[in-house]
Amino acid sequence: MTKSITLHLPDSPKRLILLLHGVGASPESMAPLGELLARQFDRAAIISVQAPDASDFGQGFQWFSVQGVTEENRFERIHTVMPRFVESVQYWQTQTKVPADRTTLIGFSQGAIMALSSTQMVDDPLASCIISLSGRLANRPTKAPKNTRIHFLHGDQDPVIDSQFAQQAHAELSKLGADTTFDLIANLVHTINQTEVHFIIRYLQDEIR
(Lines give C-alpha, C1' and ligand atoms only; values in the text may rest on other atoms or scores of the structure.)
Protein backbone atom coordinates (compact mmCIF):
# COMPACT_ATOMS: atom_id res chain seq x y z
CA MET A 1 0.00 0.00 0.00
CA THR A 2 1.28 3.44 -0.93
CA LYS A 3 2.30 6.01 1.65
CA SER A 4 -0.64 8.00 2.93
CA ILE A 5 -1.02 10.47 5.78
CA THR A 6 -3.29 9.81 8.73
CA LEU A 7 -4.48 13.27 9.73
CA HIS A 8 -6.99 12.23 12.38
CA LEU A 9 -7.82 8.81 13.80
CA PRO A 10 -10.18 8.66 16.78
CA ASP A 11 -11.04 5.47 18.61
CA SER A 12 -13.93 3.73 16.85
CA PRO A 13 -14.45 6.38 14.16
CA LYS A 14 -17.99 7.05 13.02
CA ARG A 15 -16.99 8.27 9.57
CA LEU A 16 -14.12 7.82 7.13
CA ILE A 17 -13.03 10.79 5.03
CA LEU A 18 -10.48 10.03 2.32
CA LEU A 19 -8.73 12.97 0.65
CA LEU A 20 -7.48 12.36 -2.89
CA HIS A 21 -4.87 14.70 -4.37
CA GLY A 22 -4.35 15.82 -7.96
CA VAL A 23 -1.75 14.74 -10.49
CA GLY A 24 1.78 15.87 -9.68
CA ALA A 25 0.85 16.51 -6.06
CA SER A 26 1.18 14.51 -2.84
CA PRO A 27 -0.86 13.66 0.26
CA GLU A 28 0.69 16.70 1.94
CA SER A 29 -1.12 18.97 -0.50
CA MET A 30 -4.47 17.94 0.98
CA ALA A 31 -3.29 18.05 4.59
CA PRO A 32 -4.44 21.64 5.34
CA LEU A 33 -7.98 20.75 4.31
CA GLY A 34 -7.85 17.53 6.33
CA GLU A 35 -6.57 19.27 9.45
CA LEU A 36 -9.36 21.83 9.21
CA LEU A 37 -11.96 19.08 8.83
CA ALA A 38 -10.49 17.22 11.80
CA ARG A 39 -11.29 20.21 14.01
CA GLN A 40 -14.88 20.15 12.76
CA PHE A 41 -15.49 16.39 12.80
CA ASP A 42 -13.60 14.82 15.68
CA ARG A 43 -15.31 11.42 15.32
CA ALA A 44 -14.16 10.99 11.71
CA ALA A 45 -11.02 9.22 10.55
CA ILE A 46 -9.34 11.49 8.01
CA ILE A 47 -6.72 10.08 5.67
CA SER A 48 -4.90 11.79 2.79
CA VAL A 49 -4.27 9.02 0.28
CA GLN A 50 -1.22 8.89 -1.97
CA ALA A 51 -1.71 7.93 -5.61
CA PRO A 52 0.37 4.86 -6.50
CA ASP A 53 2.71 6.03 -9.27
CA ALA A 54 5.35 8.72 -9.60
CA SER A 55 4.06 11.59 -11.69
CA ASP A 56 5.22 12.17 -15.24
CA PHE A 57 5.75 15.78 -14.20
CA GLY A 58 8.90 14.82 -12.28
CA GLN A 59 7.43 15.46 -8.87
CA GLY A 60 4.48 14.17 -6.90
CA PHE A 61 2.27 11.22 -7.80
CA GLN A 62 -0.50 10.20 -10.18
CA TRP A 63 -3.26 7.66 -10.64
CA PHE A 64 -2.86 7.74 -14.40
CA SER A 65 -0.62 9.50 -16.88
CA VAL A 66 -1.88 12.69 -18.48
CA GLN A 67 0.84 12.72 -21.13
CA GLY A 68 -0.94 12.52 -24.46
CA VAL A 69 -4.32 12.14 -22.75
CA THR A 70 -7.34 12.78 -24.97
CA GLU A 71 -11.10 12.57 -24.70
CA GLU A 72 -10.81 9.24 -26.53
CA ASN A 73 -8.17 7.52 -24.35
CA ARG A 74 -8.92 8.97 -20.90
CA PHE A 75 -11.58 6.39 -20.06
CA GLU A 76 -9.31 3.42 -20.80
CA ARG A 77 -6.48 4.86 -18.71
CA ILE A 78 -8.80 5.31 -15.75
CA HIS A 79 -10.41 1.90 -16.25
CA THR A 80 -6.96 0.27 -16.16
CA VAL A 81 -6.02 1.76 -12.78
CA MET A 82 -9.46 1.60 -11.17
CA PRO A 83 -8.75 -1.71 -9.35
CA ARG A 84 -5.83 -0.03 -7.57
CA PHE A 85 -8.06 2.88 -6.60
CA VAL A 86 -10.69 0.52 -5.23
CA GLU A 87 -8.01 -1.35 -3.30
CA SER A 88 -6.80 1.88 -1.69
CA VAL A 89 -10.29 2.91 -0.58
CA GLN A 90 -11.16 -0.54 0.75
CA TYR A 91 -7.82 -0.80 2.55
CA TRP A 92 -8.66 2.23 4.68
CA GLN A 93 -12.21 1.04 5.23
CA THR A 94 -10.77 -2.21 6.61
CA GLN A 95 -8.14 -0.43 8.71
CA THR A 96 -10.66 1.94 10.30
CA LYS A 97 -13.55 -0.56 10.38
CA VAL A 98 -15.75 2.01 8.65
CA PRO A 99 -17.92 0.67 5.80
CA ALA A 100 -18.67 2.26 2.44
CA ASP A 101 -21.99 3.67 3.63
CA ARG A 102 -20.09 5.83 6.14
CA THR A 103 -17.26 6.82 3.80
CA THR A 104 -16.80 10.18 2.06
CA LEU A 105 -14.35 10.67 -0.80
CA ILE A 106 -13.10 14.23 -1.32
CA GLY A 107 -11.04 14.47 -4.49
CA PHE A 108 -9.24 17.35 -6.14
CA SER A 109 -8.70 17.28 -9.91
CA GLN A 110 -7.37 13.79 -10.79
CA GLY A 111 -8.39 12.54 -7.35
CA ALA A 112 -11.92 13.72 -8.09
CA ILE A 113 -11.83 12.10 -11.52
CA MET A 114 -10.99 8.74 -9.95
CA ALA A 115 -13.71 9.03 -7.31
CA LEU A 116 -16.34 10.11 -9.82
CA SER A 117 -15.35 7.46 -12.36
CA SER A 118 -15.67 4.74 -9.72
CA THR A 119 -19.43 5.35 -9.74
CA GLN A 120 -19.50 4.22 -13.38
CA MET A 121 -16.87 1.47 -13.28
CA VAL A 122 -17.49 -0.27 -9.94
CA ASP A 123 -20.65 -2.25 -9.18
CA ASP A 124 -20.77 -1.76 -5.42
CA PRO A 125 -20.53 1.86 -4.17
CA LEU A 126 -17.25 2.82 -2.51
CA ALA A 127 -18.76 5.71 -0.55
CA SER A 128 -22.04 7.29 0.41
CA CYS A 129 -20.75 10.73 -0.55
CA ILE A 130 -18.30 12.04 -3.16
CA ILE A 131 -17.20 15.67 -3.17
CA SER A 132 -15.54 16.65 -6.43
CA LEU A 133 -13.24 19.67 -6.36
CA SER A 134 -12.23 20.79 -9.88
CA GLY A 135 -13.07 17.33 -11.23
CA ARG A 136 -14.94 15.69 -14.07
CA LEU A 137 -16.11 12.32 -15.34
CA ALA A 138 -14.03 10.41 -17.87
CA ASN A 139 -17.00 10.26 -20.23
CA ARG A 140 -20.80 10.54 -20.20
CA PRO A 141 -22.38 8.63 -17.32
CA THR A 142 -24.56 5.64 -18.12
CA LYS A 143 -26.07 5.04 -14.69
CA ALA A 144 -26.97 6.79 -11.48
CA PRO A 145 -24.72 5.62 -8.65
CA LYS A 146 -26.47 3.58 -5.99
CA ASN A 147 -26.71 5.20 -2.55
CA THR A 148 -24.03 7.79 -3.33
CA ARG A 149 -24.52 11.55 -3.21
CA ILE A 150 -22.25 13.54 -5.51
CA HIS A 151 -21.37 17.19 -4.98
CA PHE A 152 -19.52 19.12 -7.68
CA LEU A 153 -17.60 22.26 -6.68
CA HIS A 154 -15.76 24.05 -9.46
CA GLY A 155 -14.17 27.43 -10.12
CA ASP A 156 -15.51 29.49 -12.99
CA GLN A 157 -11.95 30.52 -13.92
CA ASP A 158 -10.40 27.03 -13.90
CA PRO A 159 -7.87 26.88 -16.78
CA VAL A 160 -7.04 23.18 -16.30
CA ILE A 161 -10.44 21.48 -16.21
CA ASP A 162 -13.17 23.72 -17.54
CA SER A 163 -16.20 24.00 -15.28
CA GLN A 164 -18.46 22.96 -18.18
CA PHE A 165 -17.28 19.36 -17.75
CA ALA A 166 -18.43 19.25 -14.13
CA GLN A 167 -21.66 21.04 -14.95
CA GLN A 168 -22.39 18.61 -17.78
CA ALA A 169 -21.65 15.59 -15.58
CA HIS A 170 -24.00 16.94 -12.91
CA ALA A 171 -26.76 17.54 -15.45
CA GLU A 172 -26.43 14.10 -17.02
CA LEU A 173 -26.28 12.33 -13.66
CA SER A 174 -29.37 14.25 -12.57
CA LYS A 175 -31.24 13.04 -15.66
CA LEU A 176 -30.32 9.48 -14.71
CA GLY A 177 -31.79 10.00 -11.25
CA ALA A 178 -28.62 10.60 -9.24
CA ASP A 179 -28.53 12.62 -6.02
CA THR A 180 -26.17 15.39 -7.12
CA THR A 181 -25.46 19.10 -6.71
CA PHE A 182 -23.32 21.57 -8.63
CA ASP A 183 -21.90 24.84 -7.33
CA LEU A 184 -19.88 27.21 -9.48
CA ILE A 185 -17.42 29.26 -7.43
CA ALA A 186 -16.81 32.78 -8.71
CA ASN A 187 -13.25 33.88 -9.53
CA LEU A 188 -11.75 30.53 -8.53
CA VAL A 189 -8.99 28.92 -10.62
CA HIS A 190 -7.67 25.34 -10.29
CA THR A 191 -7.32 25.28 -6.52
CA ILE A 192 -9.31 25.02 -3.28
CA ASN A 193 -10.50 28.17 -1.52
CA GLN A 194 -12.40 29.09 1.62
CA THR A 195 -15.74 29.19 -0.16
CA GLU A 196 -15.33 25.55 -1.16
CA VAL A 197 -14.33 24.67 2.40
CA HIS A 198 -17.61 26.11 3.65
CA PHE A 199 -19.52 23.95 1.17
CA ILE A 200 -17.52 20.85 2.15
CA ILE A 201 -18.25 21.37 5.85
CA ARG A 202 -21.95 21.82 5.13
CA TYR A 203 -22.09 18.65 3.05
CA LEU A 204 -20.25 16.67 5.72
CA GLN A 205 -22.54 17.97 8.44
CA ASP A 206 -25.47 16.60 6.43
CA GLU A 207 -23.69 13.25 6.14
CA ILE A 208 -22.56 12.89 9.72
CA ARG A 209 -25.54 14.23 11.69
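A residue counts as buried when its relative accessible area is under 20%, and on that basis Trp-63 in this predicted model, at 2% relative accessibility, is buried.

**View 1. The aromatic pair of Trp-63 and Phe-85.** Trp-63 and Phe-85 form an edge-to-face aromatic pair, with 5.2 Å from centre to centre and 75 degrees between the planes. Because Trp-63 lies in the loop between strand S5 (61-62) and H2, whereas Phe-85 belongs to helix H2, the pair ties together parts that are 22 residues apart in sequence. Phe-85, at 1% relative accessibility, counts as buried, as does Trp-63 at 2%. A search of the whole structure finds three aromatic pairs, among them that of Trp-63 with Phe-85.

**View 2. The aromatic pair of Tyr-91 and Trp-92.** The rings of Tyr-91 and Trp-92 are also arranged edge-to-face, their centres being 5.1 Å apart and their planes making 85 degrees. Tyr-91 is partly exposed, with a relative accessibility of 30%, while Trp-92 falls in the buried class at 12%.

View 3. Seven strands make up an open sheet with mixed pairing, in the order S1-S3-S2-S6-S7-S8-S9. Its edges are formed by strand S1 (5-8) and strand S9 (179-185), each of which pairs on one side only. On average, and with direction ignored, neighbouring strands of this sheet are turned by 15 degrees against each other. Helix H3 (residues 110-121) packs on the sheet, where it touches strand S2 (15-20), strand S6 (103-108), strand S7 (129-133) and S8, and its direction makes about 145 degrees with that of S7. Helix H4 (residues 163-175) likewise packs on the sheet, touching S8 and S9, with its direction at about 155 degrees to that of S9.

View 4. Strand S8 (residues 149-155) pairs with S9 in the parallel sense over seven bridges, and Phe-152 stands opposite Phe-182 in S9. When residues up to four places away in sequence are not counted, the contacts of Phe-152 include Leu-116, Ser-132, Ala-166, Ala-169, His-170, Leu-173 and Phe-182.

**View 5. The nonpolar cores.** The largest nonpolar core holds 37 residues, of which Leu-18, Ile-78, Met-82, Phe-85, Leu-105, Met-114 and Phe-152 touch the most other members. At least two residues of this core are supplied by each of S2, strand S3 (44-49), helix H2 (74-96), H3, S8 and H4, and the largest share, seven residues, comes from H2. A second, separate core of 26 residues includes Ile-46, Cys-129, Tyr-203 and Leu-204.

**View 6. The surroundings of Ser-26.** Ser-26 is found in the loop between S2 and helix H1 (31-40), and because its relative accessibility is 19%, with buried meaning under 20%, the residue counts as buried. The side chains of Ser-26 and Glu-28 are joined by a polar contact of 2.9 Å. Apart from residues up to four places away in sequence, Ser-26 touches His-21 and Phe-61.

**View 7. Ala-54 in strand S4.** Ala-54 has its place in strand S4 (residues 53-54) and is exposed, with a relative accessible area of 57%. Its neighbours within four places in sequence left aside, Ala-54 is in contact with Gly-60, Phe-61 and Gln-62. Ala-54 and Ser-65, which are eleven residues apart in sequence, have their C-alpha atoms 9.4 Å apart in space.

Key. Residues numbered from 1 in each chain as written. Predicted model: local features only at pLDDT ≥ 70, side-chain atom pairs only at ≥ 80, totals over all residues. Heavy atoms only, no water. Pairing = 2+ DSSP bridges. Helix = DSSP H or I, 4+ residues; strand = E, 2+ residues; numbered from the N terminus. Axes fitted to C-alpha atoms, helices over the stretch in contact; angles between N-to-C directions. Contact = heavy atoms within 4.5 Å. Buried < 20%, exposed > 50% of the residue type's maximum accessible area, 1.4 Å probe, protein only. Polar contact = N/O pair within 3.5 Å; in protein donor to acceptor, adjacent residues only side chain to side chain. Core = buried A, V, L, I, M, F, W, Y, C linked by side-chain atoms within 4.5 Å. Phe/Tyr/Trp six-rings, centres within 6.5 Å; stacked < 30°, edge-to-face > 60°.
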